[in-house]
Amino acid sequence: MIKRFYGIFGLLLLLSCGNNSTKPTAEKEPLPNIIIIYTDDLGYGDLGVYGGKIPTPNIDKLAKEGLIHTNAYATSATCTPSRYSMLTGEYAWRQKGRGVAQGNASSIIQPGTQTLPSILQKAGYQTAVIGKWHLGLGGEQGPDWNGKITPGPLEIGFNYSFLIPATGDRVPCVFVENHHVVDLDPTDPITVNYSKKIGDWPTGKENPELLTTPYSHGHDMTIVNGVSRIGYMTGGKKALWRDEDFADVLLEKSQHFISKNKNNPFFLYFSTHDIHVPRIAHERFQGATDFGPRGDVIVQLDWTVGALVSHLQALNLDKNTLIIFTSDNGPVLDDGYVDYSKERISNHSPSAGLRGGKYSAFEAGTKVPTIVRWPGKIPSGITSDVLVSQIDFLASFAAYTGQSIHKGQAIDSENHWNTLIGGQDQARQGMVQEAISNVLSYISSDGYKYIPPSKGAKMVPWGPTIETGFSEIEQLYDLKNDPYETKNIASKHPDIVQKLRNTLNQIKQQ
Ligand code: NG6
Ligand code: CA
């Protein structure tokens, strides 16, 4: 159902969104620029417009000028599989090796795969990914940090890439621009190892006194910039990043890409580091809130979004740019560093009360804030509770830009363009959701969620305040009437359980 909070002009606009009249035609409209702002670990309740207490005025403004989705999902409760699915239109769990990737993993998306950027590239867009990648780089042996790093984003449809190769908490702590590490001194080559210590750089385990951000679990290997990471590295001193500069560097690269492409359609996959761990905001945002570093990086993220929109406005690109703002998975407080997120959470609920969190099969794992703003095309101030999955971005944009999808590619992606932009449309019938340990559940468009039995631990082992959602018995929740998943109604509705179980098994076998 679409709720309308706008006048007659907006209504006319919305009605015109409801059919295919937003499809560009040669004489009518130019293709819009597309920006996906993909945040990391931002919860359903973390923004002001979703009830959050941490100030996010710029993102709230973005939302109020467009459409707020209240029933939108990432495909997975962790990063790599959500990103894989969004970019390829195929559920990540269909093949092994697409779980949370190490920092030296080889490319997970193979060249030749049709992707969201490759489709838009074919439609005439200049495409870029700027920010966190976490989908592996290089061939079977992994990335050659000291040479040409390929294959990577440029081989699957991006014209430009500027990457945090994996995550901020994994080595190597260097940026990769297109095929090369930025500022690498060839006389000081980088070595990376994920199983044993190499070189003589201190580690968190051996030298905790050197840490400015102590670790709480994992993350006790090589220290870079006062933070111990996952994995060991040595070399590449000149190329090392400063975590405090992530937001500024990524914004600057994005602004540059936008300016350079102001006269042609562009697609920017702007993948922020915020608000993943380690949460180290720039000095000017440190202490910006009483919520600790997690609050600071949310404020920094909000500032980034404001600056990006201002840049579009300054170039007069604002009206013809469709922005999607969303997150790769749900929230977590202690994700391996002592940053007092839990102690300082106060009355803010990162999941807006949804059960679970990052990693979990419960709702907070994958239900994410999702905002779509497209001035002049999407009326301001509307909300939609129609089911939306990020896996449908690919087919929806392909349909909108008139591109075809090859047989056998993007097999799980469906065109729900009108739903995405707030028009009336048939929702997808349902979707598969992935939690840690490859536990898959199914959510139907009429709001039932089926979680099959699984043997895993009830609480996330390294984040003991998050419920995994795993149980040895079948679970069924009526999300429309029980969004917080308080009552397992499986035994009362064996018919629904059977139907959803069968559907899930069928999709798994496709
Ligand atoms: C976990 C890390 C966590 C985070 C996560 C990936 C430990 C103990 N925990 O293994 O800190 O890096 O992987 O997060 O190492 S994600 O958002 O990229 O999926
Ligand atoms: Ca994430």
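In this predicted model, Glu485 counts as buried, because 22 C-beta neighbours lie inside 10 Å and the cut-off for burial is 20 or more. Glu485 sits in the loop between strand S21 (475–478) and helix H9 (494–509).

Ser437 also has a positive phi, about 60°, and is not a glycine. Its loop runs between strand S18 (430–434) and strand S19 (440–444). Ser437 counts as partly exposed, because it has 14 C-beta neighbours inside 10 Å. Most residues other than glycine have a negative phi, and most peptide bonds are trans.

Two cis peptide bonds can be described next. One joins Thr150 and Pro151, with omega about 0°. Pro151 belongs to the loop between strand S5 (126–132) and strand S6 (160–164). Another joins Val277 and Pro278, with omega about -10°. Pro278 is placed in the loop between strand S13 (266–271) and helix H6 (293–314).

The protein chain as a whole holds nine helices and 21 strands. Its radius of gyration is 22 Å, close to the 24 Å given by the globule rule for 510 residues, so the chain is as compact as a globular protein of that length. The C-alpha trace spans about 65 × 60 × 45 Å along its principal axes. Of the 510 residues, 56% are buried. Among contacts with a separation of 6 or more, 70% are between residues 24 or more positions apart.

Note on methods
Residues are numbered from 1 along each chain as its sequence is written. Chains are lettered from A and ligands numbered from 1 in the order in which they are written. This is a predicted model: local features need pLDDT of at least 70, side-chain atom pairs count only at pLDDT 80 or more; totals for chains, interfaces and linings use all residues. Helices (H or I, at least four residues) and strands (E, at least two) are DSSP runs, numbered from the N terminus. The radius of gyration is taken over C-alpha atoms; the globule rule is 2.2 Å times the number of residues to the power 0.38. A residue is buried if 20 or more other C-beta atoms lie within 10 Å of its own, exposed if 12 or fewer, and partly exposed in between; C-beta atoms are placed from the backbone. Two residues are in contact if their C-beta atoms, placed from the backbone, lie within 7 Å.
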